[in-house]
Structure formats: C-alpha cells, structure tokens
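Me: I've got a two-chain model up on my screen and would like to talk it through. Can you take my questions one by one?

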2 protein chains.
Amino acid sequence: MGRGDIIVLSAPSGSGKTTICRALLARVEGVVLSVSYTTRGKRPGETDGKDYYFVSAGEFDNMVKSKEFLEYACVYGNWYGTSRAAVDAIVASGRDALLEIDVQGGRSVKASAPEAVRIGILPPDRETLKNRLFGRGRDSRDEMERRLEAARQEMAELKMYDYLVVNNDLDTAVRQVEWIVRARRLRRERTANAVDRIL
Amino acid sequence: MGRGDIIVLSAPSGSGKTTICRALLARVEGVVLSVSYTTRGKRPGETDGKDYYFVSAGEFDNMVKSKEFLEYACVYGNWYGTSRAAVDAIVASGRDALLEIDVQGGRSVKASAPEAVRIGILPPDRETLKNRLFGRGRDSRDEMERRLEAARQEMAELKMYDYLVVNNDLDTAVRQVEWIVRARRLRRERTANAVDRIL
C-alpha cells in the first residue's frame, strides 16, 4: 500500500472552505482531517481535540522549538500549527491527510513537504466575496475592510496552488475537490504495485 | 480560456482501452479523439478519417520527413502516427485531445510534449490478461505467445505513466479516467484566470 497524500485546502474567509471540507470527509473514504493546534480561545460549540487542540502560548512555543510543526503561522494575532507526526501517521497508513489551513500555512507546507497537493477554493466573483465577508455581521467596518484586503492577498497567493476550485455552487465544488483527491490516488506513485502484482 | 490537455491512453492488448475511450468520449464534454494516421490496411467496418487516416507507406514517409508527427511508431509491421497540427488545434481550442496509442507512442509523446498526461490501463490480473489476449481466437499459438510477451513489456513501460487505472470493472475504470481528466481541468494552469476575474 502506497503512502497517502497531504491535501491542503485553503480559501479566503467566507468562501465555504469548512463546509467543503466537511462534505468531502463525508463523501470520500480514507480522507482524515488533520486537527490543528492553536493558541486562540475556544469558541462556543468547539471541542478540544476535534476542532482544534487548544494550547497555551507557552506550550505552542515549546512545540515550535522542538520542531513538531509541519507548518505554523500567526493569523489575526493567534497561532495555528499542524503537527508533523500526526500528518505522517495518516499518510503512512495509506489515507489522505486533509489540512484546512490558510495560505500562509499552505506555503510553509509546500516548503517542508513539496509532495503536498494544494487546492484553493475561490468565490465566484468579487461581489459574492464581499457579501460573504460582510454577511457575518459580527465585525466592525475596519475589521471588514481588513478582511477584504486579506482576502485579496490570499487569492493572489492561491494562484500558486496546484488546483483551483471556484465555489459557484457547493455541490459542484465538493464534487470537483472529490475528483482531485480521487485522481491523485490513481497516480503512478500509488498504483505502480498493481503492475508488479500482474508481472 | 486555457489550453486543453494532451491525454495519452495506453494499455496492453485486450485491456479494454478502446471501450474505455469510447465511454469517456460519451461521458465527458470537451474531449476529442485524435485520429491517427496508419499504413495498415483498412479492416471491415472501419472508416477513413474516423478510425484512422489510411495512407500509403510513401505518404507516411513524407509526413515523417516534414516532421508532421507528434509521435509515430511501428507496431506489428505497420506504421502509426499522430499529427502534431491536429492535436495542437484541439488543445488550442481549450478542449482535451485524447490519444489512444501504444506505449512506444506514449513515450515519444512525453518526449516531444512533456506536459502530456499519460494514463495506463491495466488488466486486473495475469489470468484476465491471458484470457483476453487468447479469447480473441484468431491468432496462432506463436502469435499469442508474442502478444503475451509484448503485453508484459508494455506493462513494465506503463509503470512510467502518470496514472494507472486497473480495469477490474469497466464502469469503475471509465469513472476513474473521468476523474483524472476532470481533475486536470482544475489545475492552476487552466483556472488561474478565475483569480484575475475576481481581483
């Protein structure tokens, strides 16, 4: 059995990334979500070890020093990191590790694991992006402007990703991500043993 | 609109390659079969310009000399070639050019068009391969042995292909080739303009 893939899924805020990840996990067998470590506070409804591993700044810093992270980044003043050992365990078992991380993290993963497959989710157009960003209604005007500018920068970075999926329609977008994940499993690296079995 | 892909589909004889190609063309919009040139005689039921362009050895030789072929190869004493101009016209229009060619041809295409995507179709096991090869019942024992050895060599070559699909079940195999073709369309090279449209 070959190693699984590291699948990085990134999107500007409000592009439906989390919904797509959940739908993908429900639809495609053998995809496992990598749970990130974070120093940000737990929000209502979140569970430690499921949504994130919630750790203190000191604990996070120790993990950074002992190089336990495949990537880590600071977003809006909080730290987020992906455990290298956890991802290794998933792909070594032949399953795909799904990393739902931002573009900063995506860039770091590509640097430390060049074989990672990066998929960017895009909003269908600028208006939709604005509506989604501003529709949350819990941020100040300044915060919204900051988010819009961040989203623009994120999208420019997404142009470096391996695959881009436009989230016009959720079902179609999920199906497209599914094609990418399933096609990767058919690559030579993961199927060449089928030839040996026949010869 | 980005350029389409050159999709090479190869398989040992009797692995269901032609059936898979037909099903793919029926299922996935925007895939166009590249019609090969050949010096072999037209078989009953074949149409010139649809199954092959049937040409004389002299005509074929002239095309070779004027470098009109993306690949050409001799198989069982007959020459087969893929017109570079025809393939270019298809991919320039944003559609995918499907090349149903043997592994010799696949190797040549990869050399002259490294961006080509090569998909190998494999029989599920050695017994099935033998049954398929020998089930045709129109070849001599020597011819059958020759075909089996050729199939073994072809499969070893297929290990260098980008993707491998095991044809256990025709519907599944067609769906897998479909995932590969559709996933390719989501690659950065073909979708980055979606980012520009938003920014």
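This is a predicted model: local features need pLDDT of at least 70, side-chain atom pairs count only at pLDDT 80 or more; totals for chains, interfaces and linings use all residues.

Me: Is B:Tyr163 buried or exposed?
Reply: B:Tyr163 sits in strand β9 (residues 163-166) of chain B; strands (E, at least two residues) and helices (H or I, at least four) are DSSP runs, numbered from the N terminus. With 28 other C-beta atoms within 10 Å, B:Tyr163 counts as buried.

Me: Which residues of chain A does B:Tyr163 touch?
Reply: Contact here means that the C-beta atoms of two residues, placed from the backbone, lie within 7 Å. Leaving out residues up to four places away in sequence, B:Tyr163 touches B:Ile119 and B:Ile180, and on chain A it touches A:Leu186, A:Arg187 and A:Arg188.

Me: Which element gives the largest share of the side of chain A that touches chain B?
Reply: In total, 30 residues of chain A are in contact with 30 residues of chain B. Elements giving two or more residues to that side of chain A are α5 (126-134), α6 (141-158), β9 (163-166), α7 and α8 (188-198). The largest share, 6 residues, comes from α8(A).

Me: What kind of axis relates the two copies?
Reply: Copies are superposed by least squares on the C-alpha atoms of residues with pLDDT of at least 70 in both. Chain A can be laid on chain B by a turn of 180° and a shift of 0.0 Å along the axis, with an RMSD of 0.0 Å. The copies are thus related as by a two-fold rotation axis.

Me: Which residue of chain A comes closest to the rotation axis?
Reply: First, the surface: 100% of the interface residues of chain A are also interface residues in chain B, so the copies meet through the same surface. As for the axis, the C-alpha that comes closest among the residues of chain A is at 2.4 Å, and it belongs to A:Trp179.

Terms used. Residues are numbered from 1 along each chain as its sequence is written. Chains are lettered from A and ligands numbered from 1 in the order in which they are written. A residue is buried if 20 or more other C-beta atoms lie within 10 Å of its own, exposed if 12 or fewer, and partly exposed in between; C-beta atoms are placed from the backbone.
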